[in-house]
Amino acid sequence: MNIDIGINAEKRVEIAQSLKHLLADSYTLYLQTHNFHWNVTGVHFRELHLMFEEQYNELATAVDEIAERIRSLGEVAPGSYKAFTRLSSIAEVEDIPGASEMVKILTLGHKQIVKTCRIALNLAQSAEDESSASLVSDRMREHEKTAWMLRSMLSD
């Protein structure tokens with residue numbers, strides 16, 4: 001089926017590909033955050049447990065919005081661990097680090113997603129794809145804010 005939404009086909013595919021990377025990064029960070037929520041221990045357990053829950057819930061909503069935008073651009077949204085591993089710039093964490101290290105790892109993940117967003121945002125803006133640009137801009141702002149909050153937990 002021809003998708004005529006005012007963005008040429010080549011640009012639509014480029015934007016969708018960048019959104020696939022954003023989806024993979026977001027899902028990987030979602031999984032890490034959920035894992036850390038389940039496994040955090042220590043004196044800041046309650047605070048971190050609740051913070052991580054807020055963060056993974058926000059990410060769960062985000063991955064759905066990103067995947068739906070990919071579909072609206074006429075591309076298939078990746079949905080397997082194998083695809084996410086191939087597309088993500090965020091490394092999996094296989095062990096269970098201490099609470100402070102969890103915060104550091106999640107901070108790095110949010111910072112990486114901001115970088116991924118910048119690439120997608122530039123592509124969307126150059127194609128005058130306001131819908132994708134708006135979605136990505138909102139995601140970037142959320143990840144910048146979350147990275148700041150996590151960094152603040154590391155300052156004593």
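This is a predicted model: local features need pLDDT of at least 70, side-chain atom pairs count only at pLDDT 80 or more; totals for chains, interfaces and linings use all residues.
How many residues apart in helix α1 are Tyr27 and Tyr30? They are 3 residues apart, so about one helical turn separates them.

**Aromatic pairs**

The structure holds 5 aromatic pairs. Two of them are set out here, with the distance between ring centres and the angle between ring planes.

| Pair | Centre to centre | Angle between planes | Class |
|---|---|---|---|
| Tyr27 and Tyr30 | 5.6 Å | 45 degrees | tilted |
| Phe36 and Phe52 | 6.5 Å | 50 degrees | tilted |

Tyr27 has a relative accessible area of 24%, which makes this residue partly exposed. Tyr30, at 17% relative accessibility, counts as buried, because the cut-off for buried is under 20%. Both tyrosines belong to one aromatic cluster, together with Tyr56, Tyr81 and Phe84.

The phenylalanine pair joins two helices: Phe36 lies in α1 and Phe52 in α2 (residues 45-72), so the pair ties together parts 16 residues apart in sequence. Phe36 is buried, with a relative accessible area of 0%, and Phe52 is likewise buried, at 0% relative accessibility.

**How α1 meets α4**

Helix α1 spans residues 9-39 and packs against helix α4, residues 99-126. The angle of packing is about 165 degrees, and the two axes lie 9 Å apart. Angles over 145 degrees count as roughly antiparallel, and α1 and α4 are therefore roughly antiparallel to each other. Their crossing is left-handed. In the contact of α1 with α4, the residues comprise 13 nonpolar, 11 polar and 3 charged.

Definitions and conventions
Residues are numbered from 1 along each chain as its sequence is written. Side-chain values use heavy atoms; hydrogens and water are left out. Axes are lines fitted to C-alpha atoms, for helices over the stretch in contact, and angles run from 0 to 180 degrees between N-to-C directions. Helices (H or I, at least four residues) and strands (E, at least two) are DSSP runs, numbered from the N terminus. Angles under 35 degrees count as roughly parallel, over 145 as roughly antiparallel, 65 to 115 as roughly perpendicular and the rest as oblique. A crossing is left-handed if the near helix is turned anticlockwise from the far one by less than a right angle, and right-handed if clockwise. Ala, Val, Leu, Ile, Met, Phe, Trp, Tyr, Cys and Pro count as nonpolar, Asp, Glu, Lys and Arg as charged, and the others, Gly among them, as polar. Rings of Phe, Tyr and Trp (its six-membered ring) pair if their centres lie within 6.5 Å; planes under 30 degrees apart count as stacked, over 60 as edge-to-face and the rest as tilted. Buried means under 20% relative accessible area, exposed over 50%, partly exposed in between (1.4 Å probe, protein chains only).
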